[in-house]
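My entries follow the order in which I looked.

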Amino acid sequence: MKMAARIAYSKAVEGENIAKAKANELPCSPKHAIEIAKFIRHKKVDEAIAYLNQVVALKKAIPFKTFNRNVAHKRGLDKWDAGRFPVKASKGYLKMLESVRKNAEYSGLDGEKLEIIHVTANRGRGQNAFFPRAMGRATPKRRESVNLEIIVREVE
């Protein structure tokens with residue numbers, strides 16, 4: 001059986017003012033990554049980076065609109081109440097946004113005028129492991145991962 005690399009993007013966007021970045025199997029929560037993707041879609045790259053840096057510093061929260069069962073209210077959310085501080089997923093997105101900015105600059109685009117036109121976060125492979133417990137027992141656990149892709153366009 002031949003193994004093929006997973007390099008295809010979920011959305012076909014072409015043009016000379018487009019830049020892309022992709023990361024497979026980042027070790028963070030898929031639910032957190034999906035909520036961040038919904039939040040930063042159609043924002044400028046600089047705005048998204050500034051906001052996610054404040055999330056990592058626990059100053060601002062990400063609104064949780066889909067996966068919000070038993071999620072507490074947070075201050076400062078615009079038109080929403082439930083939110084969290086997904087620090088680990090935010091760090092992954094910060095690396096991706098810096099990567100897509102560098103890809104855009106390498107392609108000849110202006111790094112200050114980039115708008116996020118497509119962001120997706122999908123569940124990656126899960127690794128099965130176990131917690132060793134008392135008296136020789138073990139409890140299974142599953143380590144989750146996320147596949148991220150970001151496409152930006154230069155706007156005037």
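The notes below go from the whole chain down to single residues.

**Ground rules**

I am working on a predicted model, where local features need pLDDT of at least 70, side-chain atom pairs count only at pLDDT 80 or more, and totals for chains, interfaces and linings use all residues. Residues are numbered from 1 along each chain as its sequence is written, and side-chain values use heavy atoms, with hydrogens and water left out.

**Whole chain**

I looked up the secondary structure and found three helices and seven strands. Helices (H or I, at least four residues) and strands (E, at least two) are DSSP runs, numbered from the N terminus. Read from the N terminus, the order is β-α-α-β-β-α-β-β-β-β.

I then took the dimensions. The C-alpha atoms fill a box of roughly 65 × 50 × 25 Å along the principal axes.

Burial came next. Of the 156 residues, 36% count as buried. Buried means under 20% relative accessible area, exposed over 50%, and partly exposed in between, with a 1.4 Å probe and protein chains only.

Contact means heavy atoms within 4.5 Å. Among contacts with a separation of 6 or more, 68% come from residues 24 or more positions apart.

Which residues of α1 are buried? I listed P30, A33, E35, I36, A37, F39 and I40. They pack against α2, β2, α3 (87-106), β4 and β7 (146-154). I kept the helix rule in mind: an α-helix has 3.6 residues a turn, so residues three or four places apart point the same way. After α1 comes H42, with a positive phi near 65 degrees.

I searched for aromatic pairs and found one. F39 and Y51 form it, with 4.7 Å centre to centre and 45 degrees between the planes, which counts as tilted. Rings of Phe, Tyr and Trp (its six-membered ring) pair if their centres lie within 6.5 Å; planes under 30 degrees apart count as stacked, over 60 as edge-to-face, the rest as tilted. F39 sits in helix α1 (residues 30-40) and Y51 in helix α2 (residues 45-56), twelve residues apart. Both F39 and Y51 are buried.

**Y9 and its lysines**

I moved to Y9, in the segment before β1. Y9 counts as partly exposed because its relative accessibility is 26%.

Which lysines lie over its ring? K20 lies over the face of Y9 at 4.8 Å from the ring centre. K22 lies over the face of Y9 at 5.5 Å. A charge sits over a ring if NZ of Lys or CZ of Arg is within 6 Å of the ring centre and within 35 degrees of the ring normal.

Leaving out residues up to four places away in sequence, Y9 touches K20, A21, K22, E149 and I151. Y9 and E149 are 140 residues apart along the chain, yet their C-alpha atoms are separated by 7.3 Å.

**T120**

I found T120 in strand β4 (residues 114-123). T120 counts as buried because its relative accessibility is 15%. Beyond its neighbours within four places in sequence, T120 is in contact with S10, N147, L148 and E149.

**W80**

W80 lies in the loop between β2 and β3 (83-84). Why does W80 count as partly exposed? Because its relative accessibility is 32%. Not counting residues up to four places away, W80 touches P63, F64, K65 and N68.

**Positive phi**

E25 has a phi near 55 degrees, positive in a residue other than glycine. E25 lies in strand β1 (residues 18-26). At 27% relative accessibility, E25 counts as partly exposed.

L58 also has a positive phi, about 60 degrees, and is not a glycine. I placed L58 in the loop between α2 and β2 (62-63).
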